[in-house]
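Hello,

Here is the structure I promised to pass on. Have a look, and my notes follow below.

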Amino acid sequence: MVITLIVVSVCVFVAFSLIPGDPATRKLGTEATAEQVAALRAQMGLDAPLHVRYLTWITSFVKGDFGISYQTGDAVRSLLAKRIPVTFFLALIAFCMTVVIAIPVGILTAKYENSWPDRIVTVLNQIIMSVPPFFSGILLSTLFGLILRWFTPGAYVSYDTSFRAFLGYMLLPAFCVALPKAAMTIKLLRSSMIEEAGRDYTRTAYSRGNTIDGVMYGHILKNAMIPVVTFLGMALADLLAGSIVIEQLFSIPGISRTLITSISNRDYPVVMAVIMGIAATIVTVNLIVDLVYRAIDPRVSL
Amino acid sequence: MLRILDYIKKNQSPFFRIGLLLTLVITCAVLISLFYMPYSPTAMDRASRSLGISLRHPMGTDNFGRDIFCRVLYGTRVTLLIALGTVAIGTTAGILIGALCGYFGGLLDEIVMRINDALFAFPSILLALVFVSLMGTGNLQLVLSLGIAFIPSFSRIVRGEFLRARSMDYVLNARLQGASHLRIMFVHILPNIRGVLLSSVMIGFNNAVLAEAGLSFLGIGTQPPFDSLGQMLSDARINIMSEPRYMLGPGIVLILLVLGFSLLGEGLRTKT
Amino acid sequence: MTHQEKKPLLQVTDLHIEFHDHGQPETAVEDFDLTLYEGEIVGIVGESGSGKSMSALAIAGLLSRRAMMTRRGEILFDGHNLLTCDRKTLRSYQGDEIAMIFQEPMTSLNPLLRIGPQVEECLKIHHPEIGKEERRKRALTIMEQVGLRDTETLYRMYPHELSGGMRQRIMIAAAMIAEPRILIADEPTTALDVTIQAKIVRLLRKINEVAHTSILFISHDLSLVAQLCHRVIVMKQGRIVEEGRIEEIFEHPKDVYTKELIDAIPKVAL
């Protein structure tokens with residue numbers, strides 16, 4: 001786990017050190033003299049060898065000092081501190097929506113396998129998974145925003161101004177993010193339940209006089225959830241990493257938008273901090289998934 | 001060739017059939033458009049700006065007087081080319097890495113898979129974004145970025161299959177007969193896992209098209225004059241209320257394209 | 001023992017099972033008749049695919065009603081035809097009056113549930129009036145009766161922590177907890193070591209003697225059937241080829257196939 005983070009940090013650092021384009025030159029503009037550039041390079045610590053710079057970077061990083069933005073001159077840490085809650089809530093709402101939609105629908109489609117509602121859901125699922133997220137975002141925001149007028153595109157309210165208005169604005173973007181994830185979860189849960197329904201222990205459960213619901217909820221569901229938990233974990237990591245397209249589309253000032261602006265501004269300290277943050281989030285979520293795993297599956301031990 | 005036809009006949013899955021039909025129709029349309037295109041996708045015609053749907057212009061024209069149908073055909077071509085390049089890079093590198101790691105295991109496997117897992121954890125569109133930021137924008141860079149972003153997921157699948165195949169009887173048998181490692185890997189194992197490979201190639205196509213569309217929307221997609229479907233879609237966003245038509249054509253074709261690939265992948269997986 | 005004087009507990013007449021899932025109908029079982037008396041152990045022998053397991057599943061009411069198959073005939077238990085009665089009636093017998101154990105003790109237990117709740121399940125379903133503590137007590141008792149030791153610990157363990165023989169004992173305990181009148185054992189020893197096989201067979205005989213449970217013992221192993229059963233039915237390709245008391249069958253086998261089966265038993269085992 002820690003190893004993964006170290007691998008990522010080395011990759012990130014080396015990659016961003018090798019990019020052509022010297023930040024000092026950029027900052028000073030093309031008219032700067034060679035001495036000025038050299039002075040600034042020394043000041044920014046850019047003249048030290050690579051591994052020394054990596055060690056300085058990573059130690060201050062671990063201490064919570066993520067460096068200074070090339071663009072604004074602010075500390076990266078305070079810059080990100082404002083953005084993280086935004087993405088976090090977007091991810092949280094989207095994740096809850098995914099679970100709330102997908103689990104019941106998945107169970108019902110498995111229970112009524114091959115019925116008409118099941119077929120319709122299966123077809124809908126395939127279509128939803130084929131729509132690029134920004135396209136469905138555009139369609140939904142047009143539908144709700146410009147035709148039904150339930151939603152005002154672009155009228156983002158910051159969470160520290162009014163938390164309720166913030167949540168209200170987040171609902172639609174979160175739904176756009178949740179939709180494809182829910183479709184995949186439904187599909188996975190359905191096939192997983194159908195697979196478990198063919199297992200020997202299911203037959204045992206029926207032989208004891210269980211009702212169909214008794215077998216479904218008492219025996220199959222828990223077993224069928226094992227692959228779904230893995231998938232939901234990946235989905236959560238994915239959501240927390242930022243829904244790049246959706247944040248851009250709905251002008252939500254979250255992590256991903258910061259990432260994109262910093263990339264186009266070549267503001268590498270910010271980019272590196274965001275990537276490391278995402279990596280850390282993913283690693284943490286994976287750890288949580290492992291814990292959940294151990295809670296539901298006694299065969300897993302670590 | 002006959003065997004492929006035979007396989008198609010035998011695969012009864014409706015997913016597979018619809019997927020095959022969709023991909024075939026779209027591919028054929030694109031192939032025909034290579035030789036015959038009623039209007040140039042870039043020719044602007046002031047006289048026929050923003051025309052509705054008609055026989056002459058099956059999807060109408062845009063506000064520059066370009067025929068949308070022809071633009072969609074052209075965009076599909078670009079999208080397919082990018083997806084092809086992406087999958088080609090992802091598959092080739094993925095098979096090599098996955099095969100070596102899965103077959104030999106050991107320290108090499110340990111190290112490579114660590115890096116792989118770290119990369120795999122990132123959403124592929126984010127990876128592509130980072131690579132684009134490292135390499136700069138441009139069509140070649142786009143394909144490269146997407147391709148590299150798809151290597152981890154591919155090598156994971158291939159590695160898993162090789163790992164499983166390694167201890168199978170037919171591999172042990174080949175080894176007893178003195179086949180070299182390379183021969184076992186590529187003559188014995190590779191053909192045996194082609195079902196899984198083919199299915200993941202299809203899923204890869206599907207993801208590549210989606211990722212490219214996402215990047216286009218973010219403004220780091222294809223560069224003009226090579227407008228992909230995703231590019232067209234994000235361009236049409238400005239006019240969504242006045243001219244929703246601009247979006248419908250490329251949108252539907254893009255969805256059908258992705259649907260076709262995903263259904264094909266699905267059908268191949270359930271049947272093999 | 002003269003079982004013929006007692007009244008029949010279960011009467012199967014003219015059972016037919018056909019599958020339709022590959023276009024052409026395939027007959028799995030035809031003209032199957034069986035009478036099971038109280039306290040009797042009947043064996044069904046035959047090679048794999050002879051329809052013996054299929055008949056057992058039909059009697060236990062475990063052939064999915066949705067599956068592509070037709071079933072004709074009558075399985076009469078307690079005045080109800082189990083083939084045609086409504087699901088609720090069938091369920092009220094399953095586990096309570098007719099219990100079943102299976103071939104694969106490894107996979108027949110739910111891997112995610114502790115042993116205790118699985119043993120108790122029949123009681124919980126059919127006798128909700130019995131309290132939690134009482135249920136637990138009965139579960140521990142029945143576990144001891146099937147020869148398990150340290151039942152308190154076992155109660156809290158998970159299936160994967162037990163050996164195959166122990167799991168089969170758990171399966172038997174779970175089947176016997178509601179004191180059913182019929183126990184259907186579908187190749188219960190096939191997946192086990194030979195030494196454990198003998199122990200399980202002895203356990204089944206003990207259950208029959210102590211609780212007077214009728215047992216339908218399905219096996220491909222005629223020597224096992226001979227050790228345990230009073231009567232035997234020999235099946236081949238979906239049909240009954242011979243039926244009778246164990247001694248009769250061994251002394252005067254009428255059918256060629258039965259002779260082959262008897263000859264196939266290693267002489268040491270007899």
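In chain B, the side chains of B:D109 and B:R159 are joined by a polar contact of 2.7 Å (a pair of N or O atoms within 3.5 Å; within protein, one must be able to donate a hydrogen and the other to accept it, and residues adjacent in sequence count only if both atoms are side-chain atoms). B:D109 counts as buried because its relative accessibility is 7%, buried being under 20% relative accessible area with a 1.4 Å probe, protein chains only. Apart from neighbours within four places in sequence, B:D109 is in contact with B:C101 and B:R159, where contact means heavy atoms within 4.5 Å.

A note on the basis: this is a predicted model, so local features need pLDDT of at least 70 and side-chain atom pairs count only at pLDDT 80 or more, while totals for chains, interfaces and linings use all residues. Residues are numbered from 1 along each chain as its sequence is written, chains are lettered from A and ligands numbered from 1 in the order in which they are written, and side-chain values use heavy atoms, leaving out hydrogens and water.

Chains B and C do not touch, and their nearest C-alpha atoms are 13 Å apart.

Chain A has domain 1 (2-62) and domain 2 (85-301), with bounds from an automatic or database domain assignment. Their C-alpha centres lie 37 Å apart. Each of these domains of chain A gives 11 residues to the contact.

Best wishes

Definitions and conventions. Buried < 20%, exposed > 50% of the residue type's maximum accessible area, 1.4 Å probe, protein only.
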